[in-house]
Each structure stands twice: as structure tokens, then as C-alpha cells.
Amino acid sequence: MLISSRRSTSATALIGPVLIGLVSIGLTACGGTTKGSTAASQSAAAPAPAAAAPASANPDAPIKEGIKIAFLPKQINNPYETIVDKAGIEAAAEYKGEAKEVGPSDASASSQVSYINTLTQQRQDAILIAANDANAVCGPLQQARSKGIKVVTYDSDASKDCRDLFINQASSEEVGRSQIAMLSDLIGGKGEFAILSATANATNQNTWIEFMKDELTKPEYKDMKLVKVAYGDDDDQKSFQETQGLLQAYPDLKGIIAPTTVGISAAARYVSGSKYKGKVVVTGLGTPNQMREYVKNGTVEKFALWNPKDLGYLAGYAAAALVSGQITGAEGEKFTAGRLGEYTIGKDGEVILGPPFTFDAGNIDEFDF
Amino acid sequence: MAPDVTAATAASPATAANPGRFLRWDVLVGLLLVAVLIGGAAGSPEFATAGNLSFALGDLGEIAMIALAMTLLVVAAEVDLSVASVLGLSSALVGAMWDGGWAIETIIPLVVVIGGVCGLVNGLLVTRLGLPSLAVTIGTLALYRGLAYVVLGDRAVAEFPPGYTSLAVDDVPGTPIPYPVMLFALLAVVTGVALHATGFGRSLFAIGAQVEAAHFAGIRVKRIKLILFVVSGTVAAFAGVVYTLRYGSARADNGTGLELAVIAAVLLGGVDFDGGKGTLGGVIAGVLLIGLLRNLLMLNDVSTEIQSIVTGLLLVISVITPRLVAAARRRRRPSPSPAPPPPNS
């Protein structure tokens, strides 16, 4: 075909077949496989649950020795993920398992897939993955599970049909409520405050803010008043300017809660260089590396996030409990995660790490992420 | 026309013309591939299993398909760096249209045609405006990827029909060969015949070796180049469909950087980037060598950094070796014909 078509005369010759193609496509458009037509059949043929999973859990089963587990982070050499995975590897050492971290150098949707295949071929007992794309990893994870490999997601979940457990770093409710408690502690339970959020439609932040507002209705917070929710759009410059605006508009402002890592560091930077330093409290959710400077210079007394070490440690123990048959991933099952104590599996196979972790001048230097 | 074309081919630099004495690079790559296969099977119990080979081959499917079209372009001394962006645009379009309730049977041909149009744009810019393809396709690399983000944004669309997604990963019954790889094999045969056994193929070598000579020999240089770009875009878009179904996830960033993997395979396969030299067999061996070597290294828990160092070294060696061999040969046995002109890049 290539050979004959080069004899025709101009580029229009190429457009002809294209048009014919388009028309014929249009004609076949009715009656094909569409999203609507497969939705029904797909849910009917819902992915078979991992057939190899034992029917019932034995909570008294001991943790087996020599369990092989592998951590597959979003990408390697990411300081946050390195801390998580190292803690998980330490957990495995406690129960005499073999653990390792492997992963791609880029966090693209597909790059984890070949690693899942490799780990499946290596017959690991469990794969622990922070999924880059909830769906792209799904097929290979199902394949791993069909060979009896347990799959635990942490930090970032995959579709829930494709894993046994998800270790959730924090529940939305606890994140929201604890922010109010922390601010109340910092400003003595009295005064005006504002929230500096991400974008107006950011799902996580809006959920947290709802819980904050609900927490404020409790009697012990009756003297605290939320004057405004500002949006810095998770943009450093915009968050910086919004902070400035808040402080000018509300001269009696006692504190700012920024439940976003971009917002809290921008707010701290503004306050740290202004006359409000030491007068207005900044707190929220941030990372130690971004906040270290402001904690050291006294602008920020404390802020929260989850403890990545505990996250990895818990994931490591959860994998061992699955492999040893202590749990199957069903709601209500319990297992013990070493020094962290007992955990109960919640709805949809989720295990919640616990209340957010508070960073302050006393512990911030233990963390590098 | 035929005699002129043959003359043009024969006029191509002496390095590839008398392969008899020394091992040709593409043969060497093939031998290296065999060594990896044997070494892998002997040294790693997981390597030569049907499950692993099926996956490793499937993982190469898109790169391999695009490499076929790229080989034709590079032989004709052109290059298309926009292929991965066309793949991403195709993936984004599949996602957006599927989400919009279109039938997959409509979406696939439509997207493939759009890929052809992307290639046509590249080809027209190169042939009608006389722009270098490197510059044009670096531009459209950014342009088509940008369009992909316009189409789908940061979203990911999933839940494609299971019949189609399993077609993208399942093996042909009784073999460890996934359907897309089988399709690649068919395309490879067609491309191989077209490149090495037809007048069309010989005219590509002629264009790559000496474009003016080819032109005066009556070869319709611009027309052929235009066709090659259209083929490249079409294949890239089809690869985008396969990619989307294989991962079951349509995203605008799918396949980012894949063009470098394709170029690397073509380079490793011994195709000269100055045009006019190379074999399709070498490219196929190059694709398989890079992919299977990486798979083997991963199975042995070699870190990502070392993997890229190994691949990088292999590429550098593949560029240097043929030139060193050619230089050594010239020194030993001065040929009566003048040495080939230095690459003009």
C-alpha cells in the first residue's frame, strides 16, 4: 500500500481516505461498546476476590519467620517515601522477615507495573505499594494476588478490589478535629482565627474544614471564633498574599490554621518577617523540612502531620499479619503492630494509622522529609 | 528507476558495504540478545518462565511498534520525536471519548486517524517548509502533549470494557506472546519486507544516503517523507490505544519520555542517524535487548540507577564501536575510494 500510494499526486490524496474513514466510523457508532453498556456487565462480573485467600482468619496464629515483603514506593529517592519504607523494613527485621524497597525513578502511572511483575515472579509473600495510579496497577496486582501474594497499599490507595488492605495515614475526622484542639491549646482557647486553605474545591481540605467547624460547636471552644476561610490555591505566592490580607483585615486575629503544606509554610514565612511574629499563631499541616526554620525562629510552636515512620512500620506489620493468616482483610479483624499496639480493620479494608503526629522544636530534628 | 536506486545504495559509505569481514553491529546486538536470553535462563530461575517473558514482551509492545516506523524515518535521515506525545494525546482522547459515552469501536479508529493527522502536520512542516524534522518534532512533542492535557486535564479515566483490556494483555493461546506483540510481529514482517525487499525500501536508503542524488534519480523524496511521518503518527496513536487498554488507565501523561526509549532502541539496533544505513532486524534485536536486559536486572534486584547506567553504556558503545571498527579497517587496508565524508551534523 505504501508503494502504490506514493504515486498519487498530492496531500489531498491522504485526506480522502481519512474522510471516508470518519464517515464509516460515524455509521458504526450506534450499537458499539460504550461506558453505559459495560457498566452493568462489569459490575455483574465484579473482579473475583483473591481466590487463594483463606476463608477465615486465625487471630492467634504466630507471625511466620522469613516472610519476604517488598515496598514499592511512588518513586525511589523521595525523602518522604524513603522514611516510610525504611521504617517498614525495620518492622520486618523485628519479626525476622526479609524486606526490601524497589521502585521506579519516576512517579508516572505506568512505571510501577513492571516492578509489580518482577515482585510477582520473585514470589514475594507480600507487596506493599504506594500507588501512582489507582487503576494502572490494578491488573498486575490482581495477578499477584491470584498467585497468593498479599497486597497492602499505603500512603496512596489502589482500587479497593485490587488490594487486601489500605493503611490510611490519618482519618479525615481526626485531622480536622485535632487542628482545632491544637490551635485552642496555642491561643488559650480564646479569640478570632482564620483558616488558610488550598483551593475552594479541594476535597481533603474541605472535609477537614467541615470537621473543624463541627468541633468548634463544642462548649470548650465557645470563645473561639472562625472569622474567615481564605484560599491560597496551594500556590506559594497567593497563600503569602492571602495571609497578608487576613492580618490586615482582622487586627484582632490570634491565629491561622493552614491545613495544607503550601499554605502553612507561606503563612509562616509572612508572619516570620512581619510585626505579627510572636503575636499571631500559625499552625496546621506541614512537613518538617518546610517548617524547620519557622519552628526554630519561634514563629511556629507546633504543627501536625502523620508520622511517616509509624506509617511504614504499621504497613510492615499488617503485611506480616496477612501472610501469617492472623487477618484476611475483613472488617473488624484485629492485629498487633509491634510497638504501635493493636489495630482494627475498618470499612473497605482500611486501617487508620491514628491521630495526626505533632511536630515541635523538641522532635523536628528527628525528621528529614 | 531501479538501477539508479541501486547505484545510490552502493554509493553509501563503505563501512556498511562490506560486512563480510567483520561482524556487523546489528548481528552483534543479536548475539548479545541471545547471550542475555541464555544467561538469564541459566542465572535467574524466574526469567525464562512463560509468565515473565509474556509480561516483559508485552511491556515492550508499544515501544516496538513505534520503533518500526521510526526505523523507516531514521533510514531516510529524518526523526520523529513527537511519537510519545501522540501516544499521550491518543490516550487522552480515548479516555475523554469513552467517558463521554462513545463506543470503543468508534473511538479506536477515530483516534488512530487523528494520530495520522498529527503525523501529517509533522510531515507537511518538514517537507513543504523544508524545516529540519528534529526541530519540528521537538515543537510538536510539546504541542501534542499540551493538547493531551487540554483534552483530559489531570484526570484519569478507567473502567474500559474488559473484553478490550484483556485483549491488550492476554497471551495468544498456547504461547507466552501477548496479542499486541503478535500484532507487532506481523507489522515487523510487513515493515521488514517493505524496507529490505522493495523499491520503496531502497528509495529510503537512497534518500538517507544522498538526498540530492535520490532526487535526481527520480525518487519523490518529499512525498515519501510525508508518508513516513503519517505512518509514524498513525502507529504512535495506535500504540496509545494499546497502552491505554493495557494499563486500563487513560491519562494525558501516559508514555511521557517514551520517544527516548524508541530512539535508543533504533540507535542500539545499529541504524545510522545520518541516514542511509541500518537493518530492521538490528532494531528489533535492539528493542528486545534493552527490554529483556532491564527485566533481568530487575529480577536480580539491581537498582534503577544501575539499570539506566547499563542501558546508557550499551548505547554509547553502540555508537562508538562501528566507528572505531571502520577507522581501524581504513588504517589497516587503505581503500582506493576516498573515506566517507564526516557526518554533517
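Predicted model: local features only at pLDDT ≥ 70, side-chain atom pairs only at ≥ 80, totals over all residues.
Strand β8 of chain A spans residues 253-258. Five of its six residues are buried, so β8(A) is largely enclosed by the rest of the structure. Two other strands of chain A pair with β8(A). One of them is β6, residues 191-197, which runs parallel to β8(A) and is joined to it over four bridges; here Ala194(A) stands opposite Ile256(A). The other is β9, residues 281-284, which likewise pairs with β8(A) in the parallel sense over four bridges. Within β9(A), Val281(A) is the bridge partner of Gly255(A).

Attention may now turn to two helices of chain A, α10 (residues 261-272) and α11 (residues 288-296), whose axes come within 10 Å and cross at roughly 25 degrees. Angles under 35 degrees count as roughly parallel, and α10(A) and α11(A) are therefore roughly parallel to each other. Their crossing is left-handed. On the side of α10(A), Thr261(A), Ile264(A), Ser265(A), Ala268(A) and Ser272(A) take part, and they meet Gln290(A), Met291(A) and Tyr294(A) in α11(A). The residues of this contact comprise four nonpolar and four polar, with no charged residue.

Finally, chain A touches chain B through a contact that takes 40 residues from chain A and 47 residues from chain B. On the side of chain A, at least two residues each are supplied by α1 (2-5), α2 (12-28), α3 (35-44), α5 (113-121) and α6 (138-146). The residues on this side of chain A divide into 17 nonpolar, 19 polar and four charged.

Terms used:
Residues numbered from 1 in each chain as written. Chains lettered and ligands numbered in written order. Axes fitted to C-alpha atoms, helices over the stretch in contact; angles between N-to-C directions. Parallel < 35°, antiparallel > 145°, perpendicular 65-115°, else oblique. Left-handed = near helix turned anticlockwise from the far one by under 90°. Contact = placed C-beta atoms within 7 Å. Nonpolar A, V, L, I, M, F, W, Y, C, P; charged D, E, K, R; others polar. Buried ≥ 20, exposed ≤ 12 C-beta atoms within 10 Å, placed from the backbone. Pairing = 2+ DSSP bridges.
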